[in-house]
Amino acid sequence: MQHFHDGRDWFFERRLGLFLHWGLYAIHGLHEQEQQRYGVPAEEYEKLTAEFHPRRFDPEQWLDLAEEAGMEYLVLTTKHHDGFCLWPSRETGFHVGNTPYRQDIVRQVAEACARRGMPLEFYYSVVDWHQENYPNLGRHHEIRTDPARHDWNRYLDYLKRQITELCTQYGPVAGIWWDMNVPQAEAPEVHELIRRLQPEAVINNRGFGPGDYSTPERDFDPENANRGEVAFTRPTEACQSIGFNSWGFRRDEDYYSILYFLRAIDTNLARGGNYLLNVGPDADGVIPEPGRKILRGVGAWYKRVRESFAEPLPGLTADPALLATRRGNAIYLHCPRGLSGSALSLHPLKQPPTRVTLLNTGEPVAWTLEPLIYYRDRGAELRLRNLDADALQETVPVFKLEFDRPPELG
């Protein structure tokens, strides 16, 4: 996969990110699209600003949890579809400075990230239900507003002024994470503005051009739908929320299992992509306990196998359920679907490994390398002799094969 060969290459070194959806919608705990999905009139929704006072918000606690989970960068929703800004924008009165809390949330998160050397990206929704010039026509992710006030050019100027605020007031910005360019408008000058103000910022593909990388969401990957689990050819960052129903805080949420995330993260990272795992803090600014449990479970696994997310090595495994990566004199075998037995089917290796380790525990694994019985000319089985496959069903095993020289493949 081609790198950018400039400051944006941080994206290929930091592979697991924490997505944070937070705003007025956390107060009722229904959904981040509460205004649209529940038919809340604009004047009623705006009243939530009088209730926004997150007394327990502490970005250091968010970062403590992120680091415990092995997260290597953050993405914060500075403005979601409702148009409410987590910074005191000069372009609107619909912002955190006009709430009882009053303080600049974006600044607090940016300063906390800077202290820890944690890259921070800013999510920004193109759709805006509050700004009168945005052409809300009732398309997907839109409401309906007064057409007489719609003016795309004026809205685009508004957007550019807000992006300028975000790119000039908070230090280094690692990326702009666009969402919902529903009009599918092309405006190359917007990305040019970001490049000029923040040259090390990556830009995703949901804005005003193809951007730097793709963003498949909730297991839907149209660019790779028919290619199977092979290496990505374009920089890619999959994203998923901890809950089935929402990205913002939801009081009655159904949560995915930790194992679900281990499998998804392993599959995406072993193919050369990144993974962005989302949580929604509650109205007090606290990440709910089910989310904390998921993040800790991911971190306990990820920190042990982190070294294995290196160069994808497609074509090594004879089993489509296995993925392979390579770093120096080591090959890593990933089992995102779990182990079906004690043998891993590989295509030919010209030399056997000197050592096999289960990265999850750091324990050595006894092994033999034997020809495939039915297809002797097509590869070999790595037989794992002292391994209990049943005991590894609640995790994603990753095996490290070490060689005394760079391994040659058959």
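**Contact of H4 with H9**

I looked up which residues join these two helices in the predicted model (contact: heavy atoms within 4.5 Å; helices: DSSP runs of H or I, at least four residues, numbered from the N terminus). On the H4 side I found Leu65, Glu67 and Glu68, which meet Arg292, Leu295, Arg296, Gly299 and Lys303 of H9. By class, I noted two nonpolar, one polar and five charged residues in this contact (nonpolar: Ala, Val, Leu, Ile, Met, Phe, Trp, Tyr, Cys and Pro; charged: Asp, Glu, Lys and Arg; polar: the others, Gly among them).

I then took the axes, which are lines fitted to C-alpha atoms over the stretch in contact, with angles from 0 to 180 degrees between N-to-C directions. Those of H4 (residues 59-68) and H9 (residues 289-305) cross at roughly 40 degrees and come within 7 Å.

**Cavities**

I searched for cavities (sets of 1 Å grid points over the protein atoms alone where a 1.4 Å probe fits but cannot get out; lining residues have an atom within 4 Å of a point). The count is two cavities of 30 Å³ or more.

The largest cavity has a volume of about 70 Å³ (the space filled by probe spheres set on the points, which are joined across faces, edges and corners). Its lining includes Trp247, Phe249, Arg250 and Glu253.

For the second largest cavity I recorded about 40 Å³. Among its lining residues are Trp22, Lys79, His80 and Asp82.

**Basis**

Residues are numbered from 1 along each chain as its sequence is written, and side-chain values use heavy atoms, without hydrogens and water. In this predicted model, local features need pLDDT of at least 70 and side-chain atom pairs count only at pLDDT 80 or more, whereas totals for chains, interfaces and linings use all residues.

Note on methods:
On a 1 Å grid over the protein atoms alone, a cavity is a set of points where a 1.4 Å probe fits but cannot get out, and a pocket is an open set with protein on both sides within 12 Å along at least five of seven lines; lining residues have an atom within 4 Å of a point.
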